[in-house]
Amino acid sequence: MSPPFSPPPKSSPSNASPSLSRLLKRQLLEDTRRLESLQDELAATAFGVLRRLPFVGVPARLAERVHAGVSGSVFAALRFGGGTLLEATAALEESASTPGASLVQRAGAVRAAINALAGEDLAAQGSALAIPMTLIPESSGSSEGTPRRLVVYVHGFACDENLWQAFDADAVCADSSTPGDPAAVSPFAANLAAEVGATALYLRYNTGLAVADNARAFGDLLDARCAAWVAVPEIVLVGHSAGGLLARCACEAADDAGAWPRWPWQRRTRLLVCLATPHAGAPVEKLADWATQALARAPGGAEWGRAAVSRRAEIERLRETLAHSSAGAATRGIAYRLLGVSLAQDVEHPLADWLGDGMVSLSGATASPSAGDVETARIGGVGHLAMLSDARVQRCVRDWVAAVWPRPSAAVAGAG
């Protein structure tokens, strides 16, 4: 099984993959050049207007020269200082023989964040930083035992599978020598699976790619895993934030002819648990709208703005498609359980919905995505990420899973 991020093996310079730090350095230099170009275009526009004003033209030209000198020095220092620091970090990174689990997890978190910001470009370029979709632990082949029950955990935007570690932070050893081991990654998730006699799997994926594309890739990957077993197990999916949207999209996917299911595992899925998933949008997306629209109008920022607006539009189209599907997955035997949380202690307070968990509103997280077997719950006094270590959230998830999968007898659990 692979760790969240494995440093490239030492080899000859011609064959060696770039280290994480050198890839970051390359990205820093590219981004600095883009920012400098954008800043120059904005300054040229502003000073161009000032030069045309009466009595201001000459002072504006002098100010423009000073500005150009200072600006060039700042960006040069950023390139030199940041590049030198990352080059030194790369030397340390490549000289490390066997990094510990905490280092691996931190590198994985950095990689996940980079993919969230530029995952589409990284994947298109075939970059070593692009995260390939993986189910952890990875399949050991046709010889692995067939589980009766399967719980699949799907992380959200800018995260990786180590997100589920927060579900029982006090019981996790951050310096575990077995990175990538589900027992080390998530005691709560692993223990929950054990309580109901299930096997736990964790999805790792590039959150910078379109949700619909990730959903199809996830469906194919899970289908391939199930094909290695004698029979398809019963399945429960647990998704946090955008991970819930991805899992829901996979559950409701139809084949190319429009027929459901697209994959056999969909008929074997009993439950989808969505934790703080923005089924009806999120307040922060409105702020993102304003920012991306302004960026799209700015000189030199049109390309970045168009990319951001395109991603926002893709999410909205996905929501519209799911909202107007002829029949939701909840009408086909998949129970939906939606949990929303708020920073306000009292979820009935008028401000509780507006505050939400800092990222997603209560109403957005608990908006019924389809008809059928749908239940919701609301918990106050906790935030978007902190909810994963909240005992009330843990109890709620346990109760929902136990309702569809009663605790098996010792004999049955041992056989599964």
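**Charged pairs and cysteines**

Arg337 is buried, at a relative accessible area of 7%. I will come back to its partner after a word on confidence.

This is a predicted model. The protein chain has an average pLDDT of 73, and 55% of the residues score at least 70.

Now the salt bridges. The whole structure contains nine. Arg337 pairs with Asp373, with N to O at 3.1 Å. Arg337 sits in strand 6 (residues 335-342) and Asp373 in the loop between helix 12 (362-366) and strand 7 (374-380), so the bridge ties together parts 36 residues apart in sequence. Asp373 is partly exposed, at 36%.

Glu195 and Arg398 form another bridge, their closest N and O atoms 3.5 Å apart. Glu195 belongs to helix 5 (residues 187-195) and Arg398 to helix 13 (residues 391-404), a separation of 203 residues. Both are partly exposed, Glu195 at 28% and Arg398 at 25%.

Asp390 bridges to Arg392 at 3.0 Å. Asp390 is buried, at 14%, whereas Arg392 is partly exposed, at 31%. Shared partners also join Arg337, Asp373 and Glu375 into one network.

Last, how many disulfides are there? The count is zero. The sulfur of Cys251 has that of Cys274 as its nearest cysteine sulfur, 8.2 Å away. Cys251 is buried, at 0%, and Cys274 is buried, at 1%.

How values were computed. Residues numbered from 1 in each chain as written. Predicted model: local features only at pLDDT ≥ 70, side-chain atom pairs only at ≥ 80, totals over all residues. Heavy atoms only, no water. Disulfide = S-S within 2.5 Å. Buried < 20%, exposed > 50% of the residue type's maximum accessible area, 1.4 Å probe, protein only. pLDDT = per-residue confidence, 0-100. Salt bridge = Lys/Arg side-chain N within 4 Å of Asp/Glu carboxyl O. Helix = DSSP H or I, 4+ residues; strand = E, 2+ residues; numbered from the N terminus.
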